[in-house]
Amino acid sequence: MGCGRVGSTLALILEAQGHAVAVIDADESAFRRLGTAFQGRRVTGIGFDRDTLREAGIEEAHAFAAVSSGDNSNIVAARVARETFGVDNVVARIYDPGRAEVYQRLGIPTVATVRWTADQMLRRLLPHGSEPEWRDPSGSMRLSEAVVDTAWIGERIATLEEASGARVAFLTRFGEGVIPGEDTVLQDGDLVHVIMREADSDAAEEKLRVRPNGDH
């Protein structure tokens, strides 16, 4: 639902991947963004209207994305898709980050556009490791790329976890993601991505920035 820049881009990507796609928008002229090569359905109507959704094929749909410009319309449409038509994979774009957290707790996956964009910008503006790569909707957990002292090279990942209290989610090694095993050892050049409680993040990151013996 929604054929703006996000909706049209999403529709074209999904179709290019081989999926059958239907796009709903109240403004028929919005479908021009899809171009002439788009083979999916174009349905003019209100995206949370049940008849409009049926016309778009909601009863056979595997997924539904509500990406119109209105928070209320997106959340209502997402709830109708899930609760009325039983679509399992549903996501709604929400501009208000506070409301996004509420709906996330209610079981409606959301993308808080403003907060996500701000976080991405901050990660590129602030010093390395200052902003998390991911934060859960409750704000209590974060995934961050940690700054690790070179003295940890050769140590087992399990030792880093024990010292910091954080869990190493994965490493980036030679440009590829690696899930560490019980005996994985930190190598020179590894990027360490750790998941931890927000409240404990400063202490955990500080322990990784110092040498194993505690010296800076």
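Analyst: Buried means under 20% relative accessible area, exposed over 50%, and partly exposed in between (1.4 Å probe, protein chains only). This is a predicted model, in which local features need pLDDT of at least 70, side-chain atom pairs count only at pLDDT 80 or more, and totals for chains, interfaces and linings use all residues. Residues are numbered from 1 along each chain as its sequence is written, and side-chain values use heavy atoms, without hydrogens and water.

User: Is Val76 buried, partly exposed or exposed?

Analyst: Val76 belongs to helix α3, residues 71–84 (helices, H or I, of at least four residues and strands, E, of at least two are DSSP runs, numbered from the N terminus). Because its relative accessible area is 37%, Val76 is classed as partly exposed.

User: Which strands lie at the edges of the open sheet of three strands?

Analyst: The strand order is β3-β4-β5, with parallel pairing (two strands pair if DSSP finds at least two bridges between them). An edge strand pairs on one side only, which holds for β3 (63–66) and β5 (110–112).

User: Which residue of β4 is the bridge partner of Ala65?

Analyst: Strand β4 covers residues 89–94 and runs parallel to β3, with four bridges joining the two. Within β4, Ala65 has as its bridge partner Val91.

User: Is His193 buried or exposed?

Analyst: His193 sits in strand β10, residues 191–197. Leaving aside residues up to four places away in sequence, His193 touches several residues, including Glu133, Leu143, Arg167 and Phe170 (contact means heavy atoms within 4.5 Å). Because its relative accessibility is 4%, His193 counts as buried.
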